[in-house]
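Let me put the structure up, and then I'll walk you through the bits I liked.

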Amino acid sequence: MHRQMRRARVVTLVVLATNGSMALFLPAIGLWREPETFRIFLGAIGILLFSVAQGFVLHALVTPWLSPRARRGALLGLATAAVASLPLVGPTGGTWPSWAWLAACIIGVLPVITGRWKALALSAVTAAVAVLTTPGSARDALIISVGFGAGIAAINAVQVWFWELLMQAEQGRAAQSQLAAGEERLRFARDVHDSLGHHLSVIALKAELAERLAPVDPPRAAREAAEVRGLATSALTELREVVHGYRQVDLREQLTAIEQVLESSGVRCTVQAPDGVLPSPVAAPLAAVLREASTNVLRHSRAAWCTIDIVRAGPEFMMTVVNDGAGDAAPDRHSHGLHGLAERLAESGGVLRTRAADGRFTVEAVVRSAP
């Protein structure tokens with residue numbers, strides 16, 4: 001989970017727990033007013049069981065990775081604790097409406113754990129039980145259970161609604177990141193197709209022609225076979241240019257595009273690069289590293305920010321890509337990966353280094369320009 005989402009989850013839990021525990025202090029007043037030790041003991045057990053069960057349910061509301069079975073268990077535990085609290089807490093406190101205050105907590109949590117109509121029905125039943133079982137004024141029991149319960153329910157509903165909005169935003173961000181990574185793969189696939197599609201079609205036709213001519217016109221078949229070999233050599237050369245990134249690359253244009261993609265995905269991005277056009281032998285390998293590093297940020301990490309710096313020191317150009325998603329960043333198994341890029345840069349005298357420290361993942365690429 002993203003660091004900011006973790007903080008929001010903690011805040012949501014604190015608000016829900018504080019809101020849920022406010023009315024639990026009032027049932028406990030009945031324990032101080034109760035003269036019988038045995039009833040005090042039973043009442044304390046009832047309040048404690050309900051508090052724990054309510055805590056598990058509230059925790060489940062903001063824990064999306066819990067299994068459905070665990071959620072059902074939490075709801076069953078709350079229902080059991082609520083029913084058990086009636087004989088345990090109800091008789092304590094004499095004329096003090098102990099269970100009416102507990103009923104307010106039950107009504108307060110119902111709207112966030114079940115549907116609207118079911119919550120209304122269960123709230124009505126809970127309020128009726130509070131009126132019938134609470135000693136003293138029925139009007140006071142109704143005001144306590146329904147009035148305070150509605151206030152607790154409103155705060156819980158608003159807090160859970162905000163949390164669900166945050167979850168939807170996070171899911172949208174993740175989907176947008178996956179889409180950006182998929183578009184980058186499609187772009188690379190289109191480059192390969194455009195480079196090889198024509199060559200392979202012509203090679204297939206000429207190979208078929210050479211096969212047909214071999215029995216009747218061997219000299220011409222040999223010429224066709226030679227052309228096939230030449231076309232295959234040309235196609236292989238273009239494929240190497242595409243894979244190794246040795247085609248003309250506008251690195252500044254790619255920096256702008258990647259900055260926009262990261263920003264649209266919720267990642268604050270800062271780019272610094274030298275003025276002017278970088279030479280192609282430098283721009284091409286740096287662009288390949290930039291694409292891989294940015295894809296990792298989008299696809300594998302939950303980064304909140306990313307910086308891309310390109311500096312020149314004499315004949316060397318160094319690009320540094322840093323993000324705060326060190327915990328999750330990792331090369332994609334379908335991509336060439338940073339390991340493969342490091343090997344390719346080493347073949348041309350370049351260096352690629354990666355490190356993760358203090359929650360940051362850093363990629364450094366050093367490329368030497370041709371003399």
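Let's start with aspartate 358, which counts as exposed at 78% relative accessibility. On the cut-offs here, buried means under 20% relative accessible area, exposed means over 50%, and partly exposed is in between, with a 1.4 Å probe and protein chains only. Aspartate 358 sits in the loop between strand S4 (351-357) and S5. Its phi is positive, about 55°, although the residue is not a glycine. Most residues other than glycine have a negative phi.

Quick housekeeping: this is a predicted model, so local features need pLDDT of at least 70 and side-chain atom pairs count only at pLDDT 80 or more, while totals for chains, interfaces and linings use all residues. Numbering runs from 1 along each chain as its sequence is written, and side-chain values use heavy atoms, with hydrogens and water left out.

Now the strands. Helices (H or I, at least four residues) and strands (E, at least two) are DSSP runs, numbered from the N terminus. Two strands pair if DSSP finds at least two bridges between them. Strand S2 (residues 305-313) runs antiparallel to S3, with eight bridges, and valine 311 has methionine 318 in S3 as its bridge partner. Two residues separate the strands in that hairpin, and glycine 314 there takes a positive phi near 70°. S3 itself (residues 316-323) is mostly covered, with six of its eight residues buried.

By salt bridge I mean a side-chain nitrogen of Lys or Arg within 4 Å of a carboxyl oxygen of Asp or Glu. How many does the structure hold? Six. Arg353, Arg355 and Glu364 are linked in a network of them. Over in helix H6, glutamate 208 and arginine 212 are four residues apart, about one helical turn, and they form a salt bridge with the closest N and O atoms 2.7 Å apart. Arginine 212 is exposed at 59%, while glutamate 208 is partly exposed at 36%.

On to the rings. Rings of Phe, Tyr and Trp (its six-membered ring) pair if their centres lie within 6.5 Å; planes under 30 degrees apart are stacked, over 60 edge-to-face, and the rest tilted. There are two aromatic pairs. Tryptophan 101 and phenylalanine 148 make an edge-to-face one, 4.8 Å centre to centre with 65° between the planes. Tryptophan 101 is in helix H4 (residues 98-109) and phenylalanine 148 in helix H6 (residues 138-213), so this pair links parts 47 residues apart in sequence. Tryptophan 101 is buried at 9%, whereas phenylalanine 148 is partly exposed at 46%. Tryptophan 161 and phenylalanine 162 have ring centres 5.1 Å apart and planes at 50°, so that pair is tilted.

And that's my tour. Happy to take questions.
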